[in-house]
Amino acid sequence: MDVENIKRACSETLVLSLLAEKKMHGYDIGCEIDARTKGYFSLKHGTLYPVLHRLEADGKIEGEWVAGGADKPRKYYKLTKAGEAYREQNISAWQNFISKLSIFVKELAK
Amino acid sequence: MTIQEYLKYLECNLDIPYPARRDFLSEIESHLDDFIRNYREKGFSKETAIEKAISELAMNQEILKDLDEVHAPMVLTGLIGTFAGYIEAFHVAPQLIQKEGSFPIWFVSEIALSTSFVGMLVALFTLVIWYVLSAKAERIEHMRVS
């Protein structure tokens, strides 16, 4: 996880966690993040695209165009094996980060 | 602003290679369509739905710059592909037609390497040169035999 860039790391973890469940397209990902965090991580949808394209370029996710009948084709993303490993590594890094931060804040509150 | 005008604005402000740029714009178009459909179902007029969709997407200069950075390695690969195409077309192709069957393999490799539109064009140009030179060589051979 790129703790140097918390915002990006956070978006990556949210995206990877959703894609671990099922393949999704950009709009769905944005709406799901909003719905599941009850608006806490209400991202402007445009910010998802550099994240999605970076993960795709790194081979962590894979994009696939799917024709939607009367609708225009949509690009669905799914997690790759490398992406799954990266997601687990990411979650573990976040847990470590939160635990360290929490210890630090508790110490200060004493 | 219409969707097409907005997509044109994005295209003008993006610096990523052609196939990736086209795919990205299609992706954004379908994203906007979903937003618009959602707002229309909530009772908004078409114009307001478009306005809200563009605002929700919020594709600002910072995001476009981020996308350019993500695709920067592809631009480099495209330039390498273009350079390889040039070398093939003008230096390797004339020699390779002497060895029957070897050139198409080079051509396919070139296509696989080229991620830029220009690289693709050069690769196609290479194939045309190879075809023309092969035909010429065959005619010379035929004239020699007869």
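Is Cys10(A) buried or exposed, and what is its relative accessible area? I began with this residue. Cys10(A) is buried, at a relative accessible area of 17%. I note here that the model is predicted, and that the values in these entries are computed from it.

**Entry 1**

Cys10(A) is in no disulfide, and its nearest cysteine sulfur, on Cys31(A), is 17 Å away. A disulfide needs the two sulfur atoms within 2.5 Å. I then looked up Cys31(A), which is likewise in no disulfide. Cys31(A) counts as partly exposed, with 28% relative accessibility, whereas Cys10(A) is buried.

**Entry 2. Chain A overall**

I listed the elements of chain A and got four helices and three strands. Along the sequence they run α-β-α-α-β-β-α. I took the box around the C-alpha atoms of chain A along the principal axes, and it comes to roughly 60 × 30 × 20 Å. Chain A has 110 residues, of which 36% count as buried. I also checked contacts in chain A between residues at least 6 apart in sequence; 49% of these join residues at least 24 apart.

**Entry 3. Helix α3 of chain A**

Why do I call helix α3 of chain A largely enclosed by the rest of the structure? The helix covers residues 48-57, and eight of its ten residues are buried, so the rest of the structure largely encloses it. I wrote down the buried residues: Leu48(A), Tyr49(A), Pro50(A), Val51(A), Leu52(A), His53(A), Arg54(A) and Leu55(A). Just after this helix, Gly59(A) has a positive phi of about 80°.

**Entry 4. Salt bridges in chain A**

I counted 14 salt bridges over all chains. One of the pairs I looked up is Glu56(A) with Lys75(A), at 3.1 Å from N to O. Glu56(A) sits in helix α3 of chain A and Lys75(A) in strand β3 of chain A, so the pair ties together parts 19 residues apart in sequence. Glu56(A) is partly exposed, with a relative accessible area of 25%, while Lys75(A) is buried at 9%.

I next looked up Glu84(A) and Arg87(A), whose side chains meet in a salt bridge at 3.2 Å, N to O. Both belong to helix α4 (residues 81-109) of chain A; they are three residues apart, so about one helical turn separates them. An α-helix has 3.6 residues a turn, so residues three or four places apart point the same way. Glu84(A) is partly exposed at 25% relative accessible area, and Arg87(A) counts as buried at 18% relative accessibility.

I also found a salt bridge between Glu107(A) and Lys110(A), with the closest N and O atoms 3.5 Å apart. Glu107(A) counts as partly exposed at 48% relative accessibility, and Lys110(A) as exposed at 77%. Elsewhere, Glu21(A), Glu32(A) and Arg36(A) are joined into one network by salt bridges that share partners.

**Entry 5. The interface with chain B**

Glu27(B), His31(B) and Val70(B) supply 30% of the area that chain B buries against chain A, more than any other three residues.

I counted ten residue pairs in polar contact between the chains.

I found three salt bridges across the interface of chain B and chain A. One that I looked up joins Asp34(B) to Arg74(A), with the closest N and O atoms 2.3 Å apart. The two side chains are also listed as a polar contact of 2.3 Å. Arg74(A) lies in strand β3 (residues 71-79) of chain A. I found Arg74(A) buried, with a relative accessible area of 13%. Leaving out residues up to four places away in sequence, Arg74(A) touches His25(A), Glu64(A), Trp65(A), Val66(A), Ser30(B), Asp34(B) and Arg37(B).

Key. Residues are numbered from 1 along each chain as its sequence is written. Chains are lettered from A and ligands numbered from 1 in the order in which they are written. This is a predicted model: local features need pLDDT of at least 70, side-chain atom pairs count only at pLDDT 80 or more; totals for chains, interfaces and linings use all residues. Side-chain values use heavy atoms; hydrogens and water are left out. Buried area is the accessible area (1.4 Å probe) that two parts lose on being put together, summed over both. A salt bridge is a side-chain nitrogen of Lys or Arg within 4 Å of a carboxyl oxygen of Asp or Glu. A polar contact is a pair of N or O atoms within 3.5 Å; within protein, one must be able to donate a hydrogen and the other to accept it, and residues adjacent in sequence count only if both atoms are side-chain atoms. Buried means under 20% relative accessible area, exposed over 50%, partly exposed in between (1.4 Å probe, protein chains only). Helices (H or I, at least four residues) and strands (E, at least two) are DSSP runs, numbered from the N terminus. Contact means heavy atoms within 4.5 Å.
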